[in-house]
Amino acid sequence: MSGFVGKLPFFHQLPPNHKKKTEEIVRKGESDVELGSVVMGTGSTANGDQIDNMKQPLPFLFEFTNLYYSVKKPKKIMPLPSLPSFNNRLASDTTTSAVDLSRTKVLLNNISGKAREGEIFAVLGASGSGKSTLIDALADRISRESLRGSITLNGEPIDSRLMKTISAYVMQDDLLFPMLTVEETLMFSAEFRLPQALPASKKKARVEALIDQLGLRNAASTIIGDEGHRGVSGGERRRVSIGTDIIHDPILLFLDEPTSGLDSSSAFMVVQVIKKIAESGSVVIMTIHQPSYRIISLLNHVLFLSRGQTVYSGPPNGLQNFFTEFGQPIPEHENPTEFALDLIRELEYNDHSSGAKSLVEFNSMYQAKVSNPAKPSYAASPLTLRDAIAASVSRGRLGASMDEFANPFWLEVGVLTKRSFTNTKRMPELFVMRLGTIMVTGFILATIFWRLDASPKGVQERLGFFAMAMSTMFYVCADALPVFLQERYIYLRETSHNAYRKASYVISNAIVAFPPLVFLSLAFALITFFAVGLAGGSLAFLFFVLIILASFWAGTGFVSFLSAVVPHVMIGYTVVVAILAYFLLFSGFFINRDRIPDYWIWFHYLSLVKYPYEAVLQNEFDSSNTCFSRGVQMFFGTPIGKMNETVQEKVLAAISQTLKSNLTATSCIATGPDILKEQAVTQLSKWNCLIVTVAWGFLFRFLFYIILLLGNKNKRK
Ligand SMILES: Nc1ncnc2c1ncn2[C@@H]1O[C@H](COP(=O)(O)OP(=O)(O)OP(=O)(O)O)[C@@H](O)[C@H]1O
Ligand SMILES: [Mg+2]
C-alpha cells in the first residue's frame with residue numbers, strides 16, 4: 001500500500017515529515033488495520049490518530065453556489081436516435097444573449113446548497129423539475145463551459161480528473177451482467193476499481209464487508225438474472241448496482257432516484273444502506289421521488305426544485321415552519337414532502353407562466369433570514385483538499401487511487417476477459433445457436449453439393465458452393481449484434497468513471513470472441529470439406545479451416561464495429577444484411593473482377609467476401625494435375641454441348657485439324673489454374689488472401705476502438 005500512496009501525484013507535496021509518517025501509517029495499516037474499519041472509512045485507528053493529532057482534517061463539505069444552466073430549445077425533433085452517448089441528451093447553449101433568449105430554456109436557475117460528509121442531501125421535485133440535471137451538474141457530467149456557478153469541495157474547485165477518482169455516480173438503470181452472481185459482480189468491480197497494490201485478500205474482504213453493508217448476504221451467490229433467467233429481486237439488484245459503484249469507497253456519492261420502482265420497504269432499505277455509506281465518511285447527494293415518512297427521517301437536507309428553481313432548502317423538519325410562515329401550514333399527519341410537492345404542483349398549475357414564483361421568492365427571503373451570513377461556509381482547514389484526501393486514505397479509506405486508472409492495462413484486459421468468459425459460459429444457448437446455424441447450413445450445403453466431380457459442371461457448382469459457404473460465415477456473425485449492443489451500455493457506464501481503458505475493452509472483446517470461432521470453423525469444415533469432395537488433402541483442409549476462421553474473425557470485427565456505430569438492433573440488422581449482400585455481389589462470384597465497371601471496382605476491393613472466396617478457389621484449383629474439362633466437355637454450356645456425342649466429336653476433330661493440334665476425347669482442355677484465370681483470380685496468392693482477411697478483422701477492431709474513443713464524452717454540453 002505504501003507504493004500506492006507513493007503514486008498519489010500530490011503526495012510529494014506534503015511536508016517531508018508528514019510524508020514519512022503517512023507512509024509509515026499506511027504500511028503498518030496494511031497489516032494492522034482491520035478491513036471492517038477500512039470499509040467504514042472514517043474508522044479511526046491507532047495509526048490514524050497519529051495523523052489526526054498532527055493536523056485534524058475537517059469533515060468534507062461539498063458546496064455549490066448559483067448554478068445556472070440553460071439549453072437551446074430544439075428546433076425540430078430528430079426521428080432517429082443517434083450514437084449511444086450521453087452528450088447528445090441535451091443541446092448545448094453557452095451563451096444566453098438577448099437575441100436567442102426566447103429560444104433558451106433554463107434548466108437550473110441559481111441553485112445553491114451545501115452537502116456534508118456523513119449526511120444525505122436529497123433533491124426533490126416534480127417530474128421535469130430539473131433533479132437529474134442538478135445531479136448531472138454536480139457530478140461533473142455537464143461541461144464546465146455550459147454551466148455557470150461554482151462547485152467546490154472543502155472550499156476548493158474540483159477538476160474533472162479528481163472528480164472521477166473520488167466520486168461515484170449511480171445511474172437509475174441497473175446495468176449488470178445477468179449471469180454473474182452478486183458476489184462475482186462486486187468482486188469484478190473491486191478488481192477494476194481498487195488498485196493493483198491492494199492484495200486480493202483485501203479486495204475479497206472489501207466485497208464481503210460490502211455484501212453485509214448492503215444487506216445482500218442471503219443473495220450473495222444468486223445470479224443477477226434477466227428476462228430469461230430468474231435472479232435477484234429488484235431491490236437487491238438496486239443495491240448490487242449501488243455496490244458496484246461504491247466499491248472504491250468514494251468521497252462523493254451521487255445517486256439519481258435510487259428508490260424508483262421499488263416497493264416501500266425495499267426503498268427504505270436502500271436509503272438505509274445509503275445512510276450507512278454516508279456515515280462511513282461520504283458526502284451523499286441523491287434525487288428521490290415521494291419519500292415515505294421513514295425515509296424522510298434518514299434525510300439530513302432536502303432541496304425542493306420547481307422548474308429549475310429552489311423552492312425550499314433545509315432540513316426536512318424545517319418544512320413545517322417554512323410552510324407555516326408561507327401561510328400554508330402542513331396539516332397534521334400529512335407527509336410533509338408530499339404536501340410540499342402537491343403545493344408546488346398546484347402553484348405551477350394555477351400560474352402557468354411564472355410557476356411557483358411566489359414560493360421561490362418567499363424561499364429566498366426565508367433563506368436570508370435563517371442563514372447566518374457572518375458565518376463562513378467553510379472554516380479554513382489546515383489541510384488542502386488533496387492533503388485532506390490523503391489523510392482520509394491514510395485513515396483507511398480504500399480506493400482513492402489518484403491515477404487515472406486503478407490498474408495497469410494488462411490486468412484490465414485479464415479481468416474483463418475473465419468476466420466475459422464467466423458470463424458467456426453460463427449462457428451456452430448463444431454458442432449452441434450459432435453452432436446449430438453453422439451445422440445446418442453446412443449440412444444443407446454438403447447434401448446439395450454432394451461429391452462434386454471434376455467436370456465443367458462440377459466447376460460451376462464448386463464456385464457456387466464457395467460463394468455460399470464464405471458469405472455464410474459473415475451472416476452467422478450478425479447474431480452477435482444484440483449481445484454487443486446490450487453490453488455496450490455496461491461498457492458506457494463503466495468507462496464513464498474510468499473503471500478501465502477503452503483499449504482494454506476492445507482487446508478483451510476480441511479475446512473472448514475468438515475460442516468459439518475455432519469450434520465453429522472446425523465444425524463447418526468437417527461437415528463440408530469431405531462431403532463436397534474438395535481437393536488437396538489434409539493441407540488444403542487445414543487451409544480451409546484457417547480461412548473460415550479468418551472470415552469469422554473479420555465478420556465479428558465488422559459486427560462489433562457496426563454495433564458501435566448503430567445504436568439499435570433493428571437498424572443494425574438491416575445495415576449488416578444489406579452490406580453483406582453487397583459484399584457478396586462484388587466478391588467476384590456473380591461478376592468477374594475484369595467485368596466490374598471502373599467506378600465500382602473500389603467496392604470489389606472493399607468486399608470482405610472477396611478475399612476468403614478467392615482464397616478457397618485457389619486452395620481448390622491451384623493444382624494443374626486435375627483436369628476439369630476434357631475433349632468434348634469443352635462444349636459444355638454452348639449450343640454444341642446440346643448436340644449428340646458423335647457430332648461433338650466431329651466438331652472436336654475439325655477444331656483439332658484447324659489448330660493443327662492433336663485434340664482427342666481425352667485431351668485436357670482446362671486445368672485448375674485455367675479456371676482461376678477464367679475467374680480473374682490472379683492478383684493475390686491464397687496466403688495473401690488469408691492475411692488480408694485477418695487484417696480486415698484487426699482493422700475493424702481498430703475502427704471500433706476509434707468510434708468508442710470519439711463516441712463517449714459522457715457529458716452534457
Ligand atoms: N435538450 C433539452 N432541451 C430542452 N429541454 C430539456 C432538454 N433536456 C432536458 N430538458 C428539460 O429539462 C427539464 C429537467 O429535466 P430533468 O431530467 O432534470 O428532470 P427530473 O426532475 O430529473 O425529472 P424526472 O423526475 O422525471 O426524472 C425537463 O423539463 C426536461 O424536459
Ligand atoms: Mg430525473
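Strand 2 and helix 5 each contribute at least two residues to the shell around ligand 1 (helices, H or I of at least four residues, and strands, E of at least two, are DSSP runs numbered from the N terminus). The model is predicted, so local features need pLDDT of at least 70 and side-chain atom pairs count only at pLDDT 80 or more, whereas totals for chains, interfaces and linings use all residues. Residues are numbered from 1 along each chain as its sequence is written, and chains are lettered from A and ligands numbered from 1 in the order in which they are written.

Ligand 1 is surrounded by 15 residues, the closest being Ser 127, Gly 128, Lys 131, Ser 132 and Thr 133 (a residue is near a molecule if its C-beta atom, placed from the backbone, lies within 6 Å of it). Helix 5 provides the largest share of this shell, three residues. By class, five residues of the shell are nonpolar, seven polar and three charged (Ala, Val, Leu, Ile, Met, Phe, Trp, Tyr, Cys and Pro count as nonpolar, Asp, Glu, Lys and Arg as charged, and the others, Gly among them, as polar).

Helix 5 (residues 131-138) lies across strand 1 (61-72), strand 2 and strand 4, at about 60° to strand 2 (axes are lines fitted to C-alpha atoms, for helices over the stretch in contact, with angles from 0 to 180 degrees between N-to-C directions; contact requires C-beta atoms, placed from the backbone, within 7 Å). An open sheet of four strands has the order 2-1-4-5 with antiparallel pairing (strands pair if DSSP finds at least two bridges between them). Strand 2 (104-116) and strand 5 (156-157) are at the edges, each with a single partner strand, so one side of each has no neighbour in the sheet. Strand 4 (residues 148-153) pairs with strand 5 over two bridges in the antiparallel sense, and Leu 153 stands opposite Glu 156 in strand 5.

Strand 3 (residues 120-125) is mostly covered, with six of its six residues buried (20 or more other C-beta atoms within 10 Å of the residue's own, C-beta atoms being placed from the backbone; exposed, 12 or fewer; partly exposed, in between). Strand 3 runs parallel to strand 8 (residues 283-287), joined by four bridges, and parallel to strand 9, joined by five bridges. Phe 121 stands opposite Ile 285 in strand 8, while Val 123 has Leu 303 in strand 9 as its bridge partner.

Arg 307 lies in the loop between strand 9 (301-306) and strand 10 (309-314). Arg 307 is buried because 22 other C-beta atoms lie within 10 Å.

Conventions
Contact = placed C-beta atoms within 7 Å.
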